[in-house]
Amino acid sequence: MFLFISKLLPLFFYPLGATCFCLLVAIGLWWINSKWTPAAMVAALTILLLSSNAWTSNWLAQSLEWRNIPKTELPTADAIVILGGATRSQAYPRPDVDFADAGDRVWYGATLYRAGKAPKIIVSGGRIAWKGGGTPEAEDLTKLLITMGVPKSDIIPESNSFNTRDNAVNVQQILKERNFKRILLVTSALHMPRSMAIFKRIGIDAIAAPTDYRVSQLEIDEPNSRAEATILSFLPSEDCLSLTTQAIREYIGIVVYTLRGWI
């Protein structure tokens, strides 16, 4: 039940959900001929415009993504841990396992392995039956890593996780069983602050190895590069709305996990 609630309630705090709520309020106020109808409509428009421009999305994403940028070369560890959320399972008409938007996690994990940073890769992730379904993500991640040249014998799948807290707890069990002490934690830069806090909270010696950066110095500089870019940066964008939503999701996750004592 917590899993369902954790997916449902945040929808009302995301920009699109908040905009729809304000519009529903506006319709209700209009129905009763209230003078506050325009205020609700302005609130909906304001939320949508603020959350879908490049200035807001870049600022929010950068505030999370740039927290764990490695200052020096990553050290070696006992294992590389790749968190799920990086693949789409094979299903008609998809011919094979696909990379999701966060597919960089798989590539980066394989790159670290080939660089000799760790002798094993732990892939952590299941599938929620009522949310897309498909084969456990750990299986999909394993399949992709093998195509990238990682031997199956060096991949340890963990397919019983449905959120980041599950990832940490289940990975910790594997570490204890195999007497692993230190890991390189691979996940999207946007997701890294919450992930590191959870892993550290339960006592795992984790070193952040972020990837899948949505905001680089190029995106920061773009709105100021030329007048055309400045104008476009203020206009609504689907990509910016999506990035703002993902950043808000992470901040909500941090608050909820803090309240539950998980970080």
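This is a predicted model: local features need pLDDT of at least 70, side-chain atom pairs count only at pLDDT 80 or more; totals for chains, interfaces and linings use all residues.

Entry one, the loop residue. Leaving out neighbours within four places in sequence, I listed what T187 is in contact with: L83, R105, M192, S195, A209, P210 and T211. I then placed T187 on the fold: it sits in the loop that runs between β6 (182-186) and α8 (192-201). Buried or exposed? T187 has a relative accessible area of 0%, so I noted it as buried, the cut-off being under 20%. I also found a polar contact of 2.9 Å between the side chains of T187 and H191.

I went to the second largest pocket, which holds about 330 Å³ of space. Its lining comes to 15 residues, and A54, N58, E219, E222 and C240 are the ones nearest its centre. The elements that give two or more residues to this lining are α4 (54-65), α10 (227-234) and α11 (238-259). Sorted by class, I got seven nonpolar, four polar and four charged residues in the lining.

Entry three, the cysteines. How many disulfides does the structure hold? I got zero. For C22, the nearest cysteine sulfur is that of C20, 9.5 Å away, and C22 is in no disulfide. C22 is buried, with a relative accessible area of 14%.

Methods:
Residues are numbered from 1 along each chain as its sequence is written. Side-chain values use heavy atoms; hydrogens and water are left out. Helices (H or I, at least four residues) and strands (E, at least two) are DSSP runs, numbered from the N terminus. Buried means under 20% relative accessible area, exposed over 50%, partly exposed in between (1.4 Å probe, protein chains only). A polar contact is a pair of N or O atoms within 3.5 Å; within protein, one must be able to donate a hydrogen and the other to accept it, and residues adjacent in sequence count only if both atoms are side-chain atoms. Contact means heavy atoms within 4.5 Å. On a 1 Å grid over the protein atoms alone, a cavity is a set of points where a 1.4 Å probe fits but cannot get out, and a pocket is an open set with protein on both sides within 12 Å along at least five of seven lines; lining residues have an atom within 4 Å of a point. Grid points are joined across faces, edges and corners, and a volume is the space filled by probe spheres set on the points. Ala, Val, Leu, Ile, Met, Phe, Trp, Tyr, Cys and Pro count as nonpolar, Asp, Glu, Lys and Arg as charged, and the others, Gly among them, as polar. A disulfide is a pair of cysteine sulfur atoms within 2.5 Å.
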